[in-house]
Every structure is written in C-alpha cells, then in structure tokens.
Amino acid sequence: MRVREKGDRGVVQSVVLFLGVSVLSGALAAGLAMPLAGLAGFTTEKTSETLQDLPQQFDEVPLKQKSTIRAADGSVIATLADKNRVPVKLSQIAPIMQKAIVAIEDDRYFEHGALDLKGTLRALAVNQTEGSVQQGGSSITQQFIKMSLIEKANTPAEVEAATAATPQRKIAELRYAIAAEKEFSKNEILEKYLNLANFGDGAWGIQSAAQHYFRVDAKDLNLAQAAMLAGMVKSPTAYDPTNNMKRSKDRRDVVIRRMLELKVISVNQANLALKTPVINPAIVRKNQIGCGNSPYPFYCEYIVAQLKENPAFGKTPKDRANYLKTAGLTIRTSLDPKIQAAAQKSIDEHTKPDDQAIAAITIVEPGTGLVKAMVQSKKYGNGKNRTSYNYNVEKSYAGGFGGFQNGSTMKAFTIAAAIQKGYSINYKINSPSPLHMGGQKFSTCNGTAGVEDSYSPTNSTQNVPDPTMIQAAQKSTNTYFLQLSQKVGLCPIATLLKSLGMYNAQDGEPLEQVPSMTLGVGYITPLQLSSAYAAFAARGKYCTPWLVTSVRDAAGKSLKVPVQDCKQVLPETVADGVNEVLHQVMEPGGTGNRLKFGNSDLAGKTGTIQEAKAVWYAGYSSRLASAAVVADANPPYKRLSGQTLDGRDISDASGSQTAGPLWKTAMQNALRGYPTTRFTAPDEKTQRGNNEELPYVNGMNPDDAANKLRQAGFEAQISPEQVNSEEAAGTVAYTDPRRRDGAPAGSTVTVFVSNGSRGNNNQGNNENENNNEDQGPGNNQPGGGGTPGCQPWDPKFPNC
C-alpha cells in the first residue's frame, strides 16, 4: 500500500471539476455523470457544505468469497456462495488480461488521478458520434468504488442506494475514489477491481470467470479470452456468451480492436484473436452452487444446518447463513467418499427410486464419532420419486424426517443395563408365548409404570422355554426381554439411552419409560442408532456424532467448531458382554446369521415394529457401525408387506430379511481393506454374573417369602398367577431366578405361588429345593436336578 502524492488535487477542486464536466456534457444519456437537472438549486455554499460532509477516507469492504465444504480426503462436497469468487493476486492474473481491461475501460488509468477529465470528454464525444455507449467515462478507480459499495450492500434497499442516480451518490463516489487513490497504488486498485468485477453467468472475479468459461486459471488467459472477459464488465448479462454468442463476440472484437488501436497488441495478434471462437460451450462449467448441486445433498444440508447453529459464525441464523456464503471458509467434514460409495452401492443394489418404501443407512466410526456415510433411497429434490427429507437425521433440523420406531434394536440397551447391574449373559428366564403380564408394575425413575390387564405379549420366533440372555437375543424373544427389563428397572435403561444420545427424534424429548420400552419406544434415526451401537464396538465409549472436523477462514485461521466429544458411558467389561451377546445373533441360530460375512467379528440386532411398518438392522465391527432402516415414510404409516422395495412387492417384512441385506452390502463394501478385528472376550464375572445367594423360600407364605427376600437385599414381587407345583396350594412353588442361580443384589425376584396340582405336598419343609424347583416351568437345565449348586459355567460340573 502506498500514499499517492504526485498529481493529487484537493478534494474541492476535484469535485468541482467533476461537476463542471457533468454540467457541460449533459452526460446523463451516456451514463457518465449526473444530470444537469440534478444540480439545479445547488448553490456554491450548499455545494461547499455538501463536500464538507463527504467521507474523508475509504473503508475497504471484505470481498464476498465462496465457501467450500470438503470431504475427509479433501475432495469438494459443495460450494456455498452469495457470489462465486476466488480472489487472486495481480501477479496471478495474466498481463494480457490487465492490458485488456485497461484498454477498454480506462486506457489512461496509469496517467490520471481519481477523475480522468480528458478521458471523460473523449468518451462523451465517441459515444455521441456512435449513438451508443462504446467507451466508459468513469475511471477504473470510480468503477472499483461503485462495485465496492454494491458489494457492501446486503439488502435490496442498500443496493438501490448504492446505485441511485443522484448527485449526492455521484459526488460521494468521487470522494471515495480520491481517498482510495491516496490509500492504494494503481496496481492494488486494479487487482481489487478484477477480483470484484461481475463476469456474468454467476462468475465473480477474474479467477472464477477464467475457470467458468475456459477452465484455465487467470494467469493462463490468452488474448481472445482476456478480451472477451474485459468486454463483459460493462454489461455482464448482455455480453454473456452463454446467453448470446454473437453479441459476446461483437463486444470481444471491440476490445481487440481497441487494444490494436492503442498498440497494445500487433496486427497479427489481433487477426488471430478475432478468428478464435468466443467459447467452447462443451467446457463451460455449470454453476453448481449450494447443497442441491452436491453429490451428497442430504449430508451437505445437514452440515449447513449444524453450522448455522454455531454462534461463532454470527449472532442470528440470518447472519450465520450470510457468513457461510460470503466468508471464503474451508469446511472439512467427516464424510469418507469410499465408505459413502459403499453405502450408496447398497442402496443402488437393493432399492429403486420409484419404490413405495424408503431405505436409509448411516455409517459411523466407533471411538471417534466420525459420520462416514449417510445415504437414502429417495433422491434429493422436488418432483416425483424425490424428496427434501433426510431420513437419517432428527426433526429439529429443517429437512430431518425425525426417525422411525426402532423395535427390538432397543433390546441391546436392556442387555447393557442388565449386565451393568450384574446379570449374567447366560442368565435364564422362563419366556412363554404368550406371557400374561396384566397388572404388573415396572419401576421407573419417577415411580412405577403399570401394565394394562389385557397385556399378553408374544414372541415372533420359537425359542427354548428357559432361554439365556444370549439365546433370547439370538431369537429376539420378546417375553424374555420384557421380564429382564422389569427385573433391571426402566430407569437404568433410560439413563443409559440418554448417555448414548438416544432421545425422541421427533420432539427431542427423553424416550418414554413404559413397560414395552425394550421392544421399541419413540422415534429413532439411523444416525442415533449407529452412533449408540458404535459405543458397544468402542468398548463403552460413546462419541457424539461428529461431522464438521474443522473450519478455516479465507486467511487460513481456524474457527471455533465443536470438537470430538467422547465419554466412557459403560465399563469396558459391560460392553464386552454386550458384544458377545450381539455377536451370537450373527452366529448359527441367530436372526442375523445370514448377514455374517468376512473374518472379522460382527455383532448386530434386528428390529421390527408393530405391523412391520418399519424394519431395522443395526450392527458393527470394531471399525465401523451402521444402522439400516426400511420403512413407510408416508403418514398415515402402513405395513410394509405389499409395498415395493427394489421394484418388487415385500411379502414378509423383517429386520433380517428386508433391512439386513442393505446393512450387509454397505458394511461388506465399507470394511473392504480393513484388517481383521476381534471383540474382547467377556470376563468370567460377565459370563456368570455378579450374583448373590437367594434365601430358601419354597413352601412359605408368599408375603413372608417376599419379606425374606427383601431382607436379603432383593426386590420382590408376587406373580398374580398360580403355577403347577407339589408345594401346598397357596404357598411358594419357586422363584425366578432360581435359588441355585442366585441374582444380582437389588434385583427383582418373582415369587410364584403353587396351585397344589401335583400331588401331596411336602409341608414346605423339603430342603432339597431341586426336587420341587425342577418341576416348575422353565427348568430345563441338563442335570439341573441332580447336582446341588450346579451352574452351566462351572468347570467342576462338566455335565451340568
């Protein structure tokens, strides 16, 4: 920057000369200055007062620059821009471009001050002779000032004020020009001018224009290209070659001939340039601004929505939106194009755009929270078979659909809460189908939740009568997990869900603590579910979904954005137990067995909501976690059976058969190239549980038995239904869990009352509880009646 001294005129002298030229020329018709009528009533005193009120310096306006959203590998996801502009230094602009703009706009630019009196009079004469505007009368400095004032305007009213044909604006513009020439060198002003200028078709600044029309950098522009661009500045729309090729060529040729006239170029150069086509339409870049033009539009819009919530980018949402489009930011994100392509391949293989059902998949990285991929079966946009809804994210984001009920994928959280409370992964519960639970109570964080008298849940698959936690997970046995959640209590499950980022994606409220919670409650998104399951893969470390990893401004300075946020919400040993249980779901006998692939350990869980209006598969390895959903997304929601997926009718929708293949294809492709990984085996305590010995209560009065259990440190409840037993009618037949198995301290023990239907009673004094307990439903352990203290995990009893 330098201060111009030589040739400077005083402010009043310069303005008076300008006014004089305007009056003498009557230049309104040529667009060069103010109308003579505009000066009517301006006395010398008034003019002097007006000049004293003019600004004494020019405050440069920051250029509005495009911001770029990039994937994790640096590739461009989208460009956000109010004006598609990439500023460059004058040294990065071809000299022939500099000469072309000076030749046509202000050929005495380097010889005069802010106002070119000689050039203005000459332009007036030429334009009057030709009958149209052929040469400009404003200097490049004056044009730079006008562009700057327009650039500074943020509203239509401000733009109108910056372009109003009034004496006051014209005089202020000149005063700013004088100030600018004192503050900046001629080369600096020329550089700023070329970066500010509008070159039509959405291209602002010389670098964007060179890339847009010719796919070259500004430093590599040739004569014909430079002349075309220089000619566009006067009227970017009129001379836009994509609008009117002939008019653009005629204007370009005017510039070339003017350069020849000024001896800037030779005759040979001029002739060659005149014969050159204006543009090659095939290489003109489409103006792809905004998320709608992104290859990943849904992901992009979710990113922008998050950025608009960041107070570091402005006080109001409007300020932040404007900042994102004008600050020249470089936004780096978590998206991995290879993993995104893997997920998209699954969508392409298993769905069709005109399917009635929708499918969506999110993939995240355990231990970091990085959201690697986000895809869905409906394409972005308006019209048939398109949508603006993002089916992977919450409703609080304007385009978010707000999730779907997620069915039995919730059982994973009951498993985690149970293991954390001390229940073994081999813990058995008699799980008949149907199971009448009418009138029973479930503890919550605020008291209890009751069950309707008619509530008799069933199982969709057959299982052994007395399954372990692993067996129940393999078959997704509803009655097992309802009873397990009752024993654990709903509060520990709800607390865990909150710590794993699980809430109602429709309204942001905590998931409701109701007896059927373990079978699915509220509305959950694939992003939430994959992130929560990723915590199991990361051995209990939950990471908030992380999409924006860094933001830098135009100067390369880092801006404040949310950083990686991970917390250990489960002990590692508990997560190891969950991994073992869900791993067995994908082994022989499990509902996810057909989805197993590769050599790495995998874990997962199916989910099917009532009437199969939505089905899920969520699963993971140690490296990636994913959730896939297939659902009806058109309220009022209908069952999937009979709707189309992949162009075919869905005959029997389920998590394993309908959503599972989408999950498998996505994960199989995404994990390609990763090393083989194994889950950490659960420790002995997790396998056998943290059990306390239960007191012997068979044959006792039920109320007395319940009190005895409470005194021993357990919760107790009496089943309302009586069971077959040799114990006297009305006395305790057995407990669940059984005495030989024990139970975690503080857990709920159910007392079952005998109906006396199995012969003579033993007066309640038989100390060998196995003779009675083995007759009760659910006691199917091999050898369970013959070996006191027998446990299936105990190596001392191999035949147990």
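Q: What share of the 800 residues in the protein chain is buried, and what makes a residue count as buried?
A: In this predicted model, buried residues make up 55% of the 800 residues in the protein chain, where a residue counts as buried because its relative accessible area is under 20%. The chain's secondary structure comes to 25 helices and 22 strands.

Q: Why is Thr-677 called buried?
A: Thr-677 has a relative accessible area of 11%, and the cut-off for buried is under 20%, so Thr-677 is buried. Thr-677 lies in the loop between helix H22 (655–670) and helix H23 (684–688), and, leaving aside residues up to four places away in sequence, Thr-677 touches Ser-600, Asp-601, Ser-621, Ser-622 and Arg-623.

Q: Why is helix H20 called roughly perpendicular to helix H21?
A: Helix H20 (residues 526–537) and helix H21 (residues 572–585) pack at an angle of about 110 degrees, with their axes 8 Å apart; since roughly perpendicular covers 65 to 115 degrees, that angle makes H20 roughly perpendicular to H21. Tyr-533, Phe-536 and Ala-537 of H20 make the contact with Ala-575, Val-578, Asn-579 and Leu-582 of H21, and these residues divide into six nonpolar, one polar and no charged.

Q: Why is the pair of Tyr-391 and Phe-404 called tilted?
A: The whole structure holds 20 aromatic pairs. In the pair of Tyr-391 and Phe-404 the ring centres are 6.5 Å apart and the planes stand at 35 degrees; because stacked requires under 30 degrees and edge-to-face over 60, the pair is tilted. Tyr-391 and Phe-404 both lie in the loop between strand S7 (386–387) and helix H16 (411–420), so the pair ties together parts that are 13 residues apart in sequence. Both Tyr-391 and Phe-404 are buried.

Q: What makes the pair of Tyr-423 and Tyr-427 edge-to-face?
A: Tyr-423 and Tyr-427 have 75 degrees between their planes and 4.8 Å centre to centre, and because edge-to-face means over 60 degrees, the pair is edge-to-face. Both Tyr-423 and Tyr-427 are buried.

Q: How do you know that the charged end of Lys-83 sits over the ring of Trp-204?
A: The charged end of Lys-83 is 4.2 Å from the centre of the Trp-204 ring, and the cut-offs are within 6 Å of the ring centre and within 35 degrees of the ring normal. The charged end of Lys-186 likewise sits over the ring of Tyr-109, 4.3 Å from its centre.

Terms used:
Residues are numbered from 1 along each chain as its sequence is written. This is a predicted model: local features need pLDDT of at least 70, side-chain atom pairs count only at pLDDT 80 or more; totals for chains, interfaces and linings use all residues. Side-chain values use heavy atoms; hydrogens and water are left out. Axes are lines fitted to C-alpha atoms, for helices over the stretch in contact, and angles run from 0 to 180 degrees between N-to-C directions. Helices (H or I, at least four residues) and strands (E, at least two) are DSSP runs, numbered from the N terminus. Angles under 35 degrees count as roughly parallel, over 145 as roughly antiparallel, 65 to 115 as roughly perpendicular and the rest as oblique. Contact means heavy atoms within 4.5 Å. Ala, Val, Leu, Ile, Met, Phe, Trp, Tyr, Cys and Pro count as nonpolar, Asp, Glu, Lys and Arg as charged, and the others, Gly among them, as polar. Rings of Phe, Tyr and Trp (its six-membered ring) pair if their centres lie within 6.5 Å; planes under 30 degrees apart count as stacked, over 60 as edge-to-face and the rest as tilted. Buried means under 20% relative accessible area, exposed over 50%, partly exposed in between (1.4 Å probe, protein chains only).
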